[in-house]
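Me: I have a model open and want to go through a few local features. Can you take my questions as they come?

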Amino acid sequence: MVFGEIVNTIQDLIFPAGSLCPLCGRPGDPGQLCPACLRAWAELGRGMEICPHCGRFGNFSSGAGLCPECEGERPPFVLARGVAPYAGPVRDALHLFKFAGKRELAAPLGALMAALTADHFPCRLFAGAVPVPLHPSREKERRFNQAALLAAAVARELRLPLVDRALLRGRETPSQTSLSRAGRRVNLAGAFLPGEDAPRLRGKTVLLVDDVYTTGATAAECCHTLLEAGVSSVYVVTLATAAIKEQGRQEES
Ligand SMILES: [Zn+2]
Ligand SMILES: [Zn+2]
């Protein structure tokens, strides 16, 4: 046994695999991000304002404290919140989760989203957690829908039903990243359809779950589809929220 293996074995004895941070490998509470990772995440949003409607981070003092996007036209959900700005270690964690196939991150990331939901939203009103659907071809390529895994984790934590067939993806839409806000809206028109679970949400309040809130065009379009299907109101929770750097400029996803 070489020295490195001995160290690993001793470390395994002291900190069983489940108690190491799934992001950085430092010791922590089982199945959760360690305090050092949580501090780094909290640091990202330090000194930033949070739009009281959409939850985007930034520095945008206006009369009501709304971000420039909501100042123009408020998206149709009741409220949206994200755990942290989409940058640095949060972006790295999402890339590991989405593109490097680290599906086991769904539980600790979902737990953070559930805690945020419990702090800010009236959870007892929710008839279910609804994930933003991924187009089937994209899901086939990635082999999972990251929003569905997060929604399942959030639903488990909050003891809510997971309603994963309330929204379906309609036509495939080109990548959103290079489009303006208006362009994204046109791009997404008709991208979502009510699924077979939608009728049982009629007159109910639901929690829409996604991984990242960028301009809010996806959340707004899902929300429109749910409201048209008879859902009475929608709240949105995401892991990350793109920060508004300056008026009119935002961080790309
Ligand atoms: Zn960590
Ligand atoms: Zn806003």
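Me: What sits over the ring of Y86?
Reply: The charged end of R91 does, 4.9 Å from the ring centre. A charge sits over a ring if NZ of Lys or CZ of Arg is within 6 Å of the ring centre and within 35 degrees of the ring normal.

Me: What kind of model is this?
Reply: This is a predicted model, where local features need pLDDT of at least 70, side-chain atom pairs count only at pLDDT 80 or more, and totals for chains, interfaces and linings use all residues. Residues are numbered from 1 along each chain as its sequence is written, chains are lettered from A and ligands numbered from 1 in the order in which they are written, and side-chain values use heavy atoms, leaving out hydrogens and water.

Me: On to the metal. Which are the protein donors of the zinc ion (ligand 1)?
Reply: C21, C24, C34 and C37, each through SG, at 2.3 to 2.4 Å from the zinc ion. Donors are N, O and S atoms within 2.8 Å of the metal (3.2 Å for Na, K and Ca); water is not among the atoms, so sites may look incomplete.

Me: How are the donor residues spaced in sequence?
Reply: As C-x2-C-x9-C-x2-C. C21 lies in the loop between α1 (3-14) and α2 (35-44) while C37 is in helix α2, so this pair ties together parts 16 residues apart in sequence. Helices (H or I, at least four residues) and strands (E, at least two) are DSSP runs, numbered from the N terminus.

Me: C21 and C37, buried or exposed?
Reply: Both C21 and C37 are buried, meaning under 20% relative accessible area, with exposed over 50% and partly exposed in between (1.4 Å probe, protein chains only).

Me: And G28?
Reply: G28 is in the loop between α1 and α2. Its relative accessibility is 23%, so G28 counts as partly exposed.

Me: Different topic. How many aromatic pairs are in the whole structure?
Reply: Five. Rings of Phe, Tyr and Trp (its six-membered ring) pair if their centres lie within 6.5 Å; planes under 30 degrees apart count as stacked, over 60 as edge-to-face and the rest as tilted. One of the pairs is F97 with F144, which is tilted, at 5.9 Å centre to centre and 45° between the planes.

Me: Where are F97 and F144 in the chain?
Reply: F97 is in helix α4 (residues 88-98) and F144 in the loop between α6 (136-142) and α7 (146-158), 47 residues apart. Both F97 and F144 are buried.
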